[in-house]
Amino acid sequence: MTLPPPLAANRGTAMNHTDLHQRLLERLRAAGRKAVAFGIDLGTTKSCVAYAAFDPDTGALQCDCIRYRRPDGSMLASVPSVVALEHGRVLFGAEALSRRGLKGFLPERALFSESKNEIGLRYSYARAPEGFGNAGEVATRLLEHLRTGVVDTFGQDIGSPLVVTVPASFHGAQRSATVDAAETAFELEPHSGAIRLLDEPYAAFLDLLWRAPSTADEALAEGANVLVFDFGGGTCDVAIFRRDAARGGTLGARLLGTSRYHRLGGGDIDRAIVHDVLIPALLAENGLQAWDVSWLDKRRQLEPMLLDAAERLKLELSRKLASQAGDAVVDAVDATLEPLAFDAEIAGVVRHLTLSAPMLDAAGFERLLEPFLDPEPPAEAGDEYVQRNSIFSPIVHALMRAGLEAEDIDGVVLCGSSALLPQVKRELARKFPNAAFVRRGDGEDLEGTVARGAALQAMALQVLEQPLIAPVCSAEISLRVATGKVPLARAGDAVPAASDAPLLLRPPRDAVKTGADIAVEAVTEGERTIGRSLWRLPAPVSVDDRLALDWRMDENQCLELTLTRMDDPDTPPFVHRFDAPIAHRDSGQVTRVRMLERMEAIRQGAVTRADLGAAFEQIARDSATLGEHEKALHFIALALQEKGDDVNLLNLRGICREKIGDRDGARASYRLAEDWAGARFNLALMDWRAGNYDEALKEVDSALDDEPKRAYRVLRGDILAKLGRKDEAHLEWQDAISGKPDWSKFSDFDLGWLDRAAQALEEKSVLKRIRKARERVARGANVVTRQGELPEFVSRPLEDPAGMV
């Protein structure tokens, strides 16, 4: 086997005692074993395989990425994480990516990209052929392709342990699915431990310590608070940890906080360019309005055809901006591509579309990037096409979890191709004024950071039988009991870990005839619940019963609790695993998850035809709640096909059409639903917003004739005020808030309108009561009622009996 010449960094200079580079080499030389180990960065948009090869004859350790041949003959380390099916052939990487947007290569049927975002989730590709039915199966095929590259390069297969990286806050199901895919791809015994996972920020940190020890030691000394910012094509993985002292050759690093945003990456910036710049220009050039093209056609027809152009514009403009002196944005700088022309099926008709000058200028790019770089980001941002979360959302979240301020960060490690964008680097420097910024290499070299760190970890596991970087518990984990909480694992404890002996608990009361439901709750960070479940104890139940609790935590910080009834072996034990890593919290939004699960049920045929209309309607309402109005219109159309002209659906269609600027379409929808006063109210509201006050007054009067609601009176007052009839307006507002209403009986919609009336009248006492009612409504939506009863704590095992006497 012929290897490249040793890296210059491997020739060695004087190193201090904390230097991973020197310590690893010394231990490998002492072991004296020739070895090759591999690490894989299975990325959302690009994947990479790295090797670490130690030769005891020369004492050199080489760590680099394997190159894969592309269709144009070039050899590159990064492989696009794309799989495509063409006439019975399976295509991978750049060849598969070149099929994106071509006829016959529909997403999730014949072309699979960014599948990592769905791995381990209840999400299937229902119309894909066998072997490609979910993200785990697609990952398996991609890993098989990566495996062939190893065999071609080294003439040998990957041995074990193989280290595969995952985002720091992948939950248990996602981690398990990643391991399963790798075991299948490499034909390894399931659950054998041959596949080891490593969090991506840790891998990036290892690569830095290996390749640039002097830089790392200066910027990221022991005790330093280090933020790893991994902004790739599909994810933004942020982790903060503190370098601890070396323990027996293992580098200690305590994870203080982490956050991963599911859809925040360079690919989202590309999609923003598509939908904010290229599609509007394309529609304008071809005489189309935004609402002439449906959500589905934009997603399946236009977006795939334009994504490549968007990425090229982004890279070219970024290259030009990076060459400018200083950080100032030069508005005159732009990037322009050759003309585009393609056929697309719009509303069932094939049309030839052209875009004569695809262009992105610096000023427009800055505006487009604003939500991605917002230092004070909202909780949720984006639409049905692009998740526009800010890079500072995961950063702020991770800082909060770590209990740190931006000024407390000593070093920032940059990795991931999207971290190279000039605007990203500029805003990060503003956020962390006291931090040293560390980045090794550009472009492809930067893309190999995580894979190389994984290969180094694999080498240590293979030769030294211990990891280079040891995970620890990131926060204290406790069991909630009737009188408080009982600590299980403490922050900084090494993981995996387990109880040495059971904790003793007991039921809170006797339940001789009915039995009891014991609430099992794990908490962290004081009172934050990380998981809850119920254990049913059959009758008779006594407070004298002894309940034994054992726990264990794996290296991914997933917690498993086991409860047994010591005096009654016939009672089934309670065993529950909390799959989300205990110190991490997904940013998943409840409405979005509910919507995706309902869509999955439809794909799987789990929704009957009789219930299909209601399912489509709920998806439409969830989409509208999220501000995804074009997507909502798609599902409204499907629901109307199943349910007929339902006035509530027609009214919702009017609202969504108004939101996207199609006022004529909105008016038509409201007219079809005018049997309901609510639709006439919405039509009046639209006319009022458009300045058509006379028409608005007619519509709201009609609505009030059928349904004299207080909210309608507030709108009537607003219309009269615009018509200059101030006295009449005041009377309407006074009627709306008059009497002694029970504000708790009103919906948030009604309270919002009554709030307007109270403000207009400057009725401060009424306004205060209304706002208290709105607060109660908001809190009521988040109330979680505990089921079951908490156990009582009896005792814990003696950790050091000698110390008790």
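These notebook entries record what I looked up on charged side chains in this predicted model.

**Entry 1. Salt bridges overall.** I searched the whole structure for salt bridges and found 58. I then examined individual pairs.

**Entry 2. Glutamate 200 and lysine 116.** I found these two side chains joined in a salt bridge, at 2.8 Å from N to O. Glutamate 200 belongs to helix H5 (residues 200-211), whereas lysine 116 sits in the loop between strand E9 (111-113) and helix H3 (135-154); the pair therefore ties together parts that are 84 residues apart in sequence. I checked accessibility next: glutamate 200 is buried at 3%, and lysine 116 is buried at 11%.

**Entry 3. Arginine 565 and aspartate 545.** I noted a salt bridge between these side chains, with 3.0 Å from N to O. Arginine 565 is in strand E29 (residues 559-565) and aspartate 545 in the loop between strand E27 (528-537) and strand E28 (547-553), 20 residues apart. Arginine 565 counts as buried at 7% relative accessibility, as does aspartate 545 at 14%.

**Entry 4. Aspartate 622 and arginine 594.** I recorded 2.7 Å between the closest N and O atoms of this salt bridge. The pair links helix H15 (residues 609-625), which holds aspartate 622, to helix H14 (residues 590-603), which holds arginine 594. Aspartate 622 is buried at 2% relative accessibility, but arginine 594 is partly exposed at 34%.

**Entry 5. A network.** I also found Glu86, Arg89, Glu95 and Arg99 joined into one network by salt bridges that share partners.

**Entry 6. A negative patch.** I located a negative surface patch formed by Glu405, Glu407, Asp408 and Asp410. Glutamate 407 lies in the loop between helix H10 (392-402) and strand E19 (411-415). I classed glutamate 407 as partly exposed because its relative accessibility is 47%.

Technical notes. Residues are numbered from 1 along each chain as its sequence is written. This is a predicted model: local features need pLDDT of at least 70, side-chain atom pairs count only at pLDDT 80 or more; totals for chains, interfaces and linings use all residues. Side-chain values use heavy atoms; hydrogens and water are left out. Patches are made of residues with over 30% relative accessible area and no salt bridge: like charges are joined within 9 Å, nonpolar side chains (Val, Leu, Ile, Met, Phe, Trp, Tyr) within 5 Å. Accessible areas come from the Shrake-Rupley method with a 1.4 Å probe; for residues, only the protein chains shown count as cover. A salt bridge is a side-chain nitrogen of Lys or Arg within 4 Å of a carboxyl oxygen of Asp or Glu. Lys and Arg count as positive and Asp and Glu as negative; His and the chain ends are not counted. The place of a charge is taken as NZ of Lys, CZ of Arg, CG of Asp or CD of Glu. Helices (H or I, at least four residues) and strands (E, at least two) are DSSP runs, numbered from the N terminus. Buried means under 20% relative accessible area, exposed over 50%, partly exposed in between (1.4 Å probe, protein chains only).
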